[in-house]
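Take a moment with the sequence and the 3D view. We will go through them step by step.

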Amino acid sequence: MSTKIPSFKLANTIEVPQLGLGVFLVEDEQELTQSVLAAIKHGYRHIDTAAIYHNEPLVGEALQTSGIPRSELFLTSKVWNDAITYEDTIAAFETTLKKLKTDYLDLYLIHWPSEGYFEKWRALEALYEEGKIRAIGVSNFEINHLEQLMQEAKIKPMINQVETNPYFQQTELHDYLVKEGIQHEAWGPLGQGKGTVLEDNVIQELAEKHQKTPAQIILRWHLDRQVIAIPKSIHETRIQENREIFDFHLSKEDLAKMASIDKNQRGGADPTDDAWLAETTKMSLSE
Ligand code: NAD
């Protein structure tokens with residue numbers, strides 16, 4: 001196996017493996033188990049799940065089966081939008097721990113800036129101070145959400161996990177996060193496999209130049225921008241392919257070419273869509 005996956009250091013000095021495995025939409029037991037075990041086999045130690053993915057128990061089981069000591073894993077989950085109060089959030093966290101069969105999380109995120117996110121943050125701060133979470137952060141927060149949160153917060157979020165891919169580079173938010181010392185983490189790093197980003201001419205050209213695949217060029221681009229990437233795949237060949245990105249870098253010129261293909265084109269939900277956010281608070285976790 002190739003060398004260990006390197007880390008980025010958060011504001012509180014916790015190290016996060018730069019590349020992780022995403023498990024959104026993987027609810028089938030066999031698929032989930034195979035994908036987590038394949039990732040572990042190829043040296044991944046960072047797994048990104050969420051309460052709303054309905055697969056925390058399967059992730060917990062697969063990680064136990066892997067036999068990797070808990071201390072070598074980096075486990076992320078997220079509190080769903082139906083938790084509105086401080087108490088809801090503490091209860092949601094305890095449920096997540098039980099489902100994942102662990103007694104702490106490496107990273108816990110507020111999934112969306114929905115109703116009650118100040119309260120949710122207070123609960124995350126308390127859990128962090130109790131030592132039950134090694135790092136706390138947010139997801140899908142825009143600059144204005146972060147500014148409002150930071151006015152009230154005792155502890156600054158350490159990570160913001162947001163949709164980011166070469167067609168939605170989030171340049172303004174990225175620069176803001178760098179300035180504030182908040183680590184940028186990309187969800188949907190490959191454009192969720194639904195767009196044409198993997199077929200983009202510039203990316204194909206760079207793939208040819210570096211003798212890599214388009215997915216590897218995109219993932220290397222995230223890391224060369226100091227952004228964490230958590231691509232999802234259930235296929236061992238792709239899980240391995242996505243990991244073989246630590247033997248090259250994109251040059252300054254390559255990065256300038258990548259910057260030129262941004263379309264500022266969001267593929268997922270819009271965190272400023274308050275009506276959608278309000279709907280999601282009614283989305284049940286027990287389905
Ligand atoms: P992604 O960009 O990781 O795309 C996944 C898809 O890309 C796969 O289903 C497959 O079709 C394709 N793919 C993967 N490897 C490939 C390869 N080597 N070559 C060609 N195609 C390949 O999208 P995602 O799963 O939505 O995002 C990654 C992770 O981010 C999720 O699994 C989840 O953990 C997290 N996420 C978080 C949020 C949030 O709101 N915080 C939202 C969505 C996803």
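Which pocket is the space taken by the ligand? That space is the largest pocket. Keep in mind that this is a predicted model.

Start with the surroundings of the ligand. A shell of 26 residues surrounds the ligand. Asp 48, Ser 139, Leu 190, Gln 192 and Asn 242 are the closest. Sorted by class, the shell has eleven nonpolar residues, ten polar ones and five charged ones. Which helix gives the largest share of this shell? Helix α9, residues 236-243, does, with three residues.

Now look at single contacts. An N or O atom in the side chain of Asn 242 lies 2.8 Å from a nitrogen atom of the ligand. For Tyr 53, a polar side-chain atom is 3.3 Å from a nitrogen atom of the ligand. How much of the ligand does the protein cover? On its own, the ligand has 830 Å² of accessible area, and the protein covers 89% of that.

Next, turn to the sheet. Strands of a sheet pair through backbone hydrogen bonds, and the pairing is either parallel or antiparallel. Here, eight strands form an open sheet with parallel pairing. Their order is β3-β4-β5-β6-β7-β8-β9-β10.

Finally, zoom in on one pair. Strand β4, residues 46-48, pairs with strand β5, residues 74-79, in the parallel sense. Three bridges link them. His 46 stands opposite Phe 74 in β5.

Technical notes. Residues are numbered from 1 along each chain as its sequence is written. This is a predicted model: local features need pLDDT of at least 70, side-chain atom pairs count only at pLDDT 80 or more; totals for chains, interfaces and linings use all residues. Side-chain values use heavy atoms; hydrogens and water are left out. A residue is near a molecule or strand if one of its heavy atoms lies within 4 Å of it. A polar contact is a pair of N or O atoms within 3.5 Å; within protein, one must be able to donate a hydrogen and the other to accept it, and residues adjacent in sequence count only if both atoms are side-chain atoms. Accessible areas come from the Shrake-Rupley method with a 1.4 Å probe; for residues, only the protein chains shown count as cover. On a 1 Å grid over the protein atoms alone, a cavity is a set of points where a 1.4 Å probe fits but cannot get out, and a pocket is an open set with protein on both sides within 12 Å along at least five of seven lines; lining residues have an atom within 4 Å of a point. A molecule sits in a cavity or pocket if more than half of its atoms lie within 2 Å of its grid points. Helices (H or I, at least four residues) and strands (E, at least two) are DSSP runs, numbered from the N terminus. Ala, Val, Leu, Ile, Met, Phe, Trp, Tyr, Cys and Pro count as nonpolar, Asp, Glu, Lys and Arg as charged, and the others, Gly among them, as polar. Two strands pair if DSSP finds at least two bridges between them.
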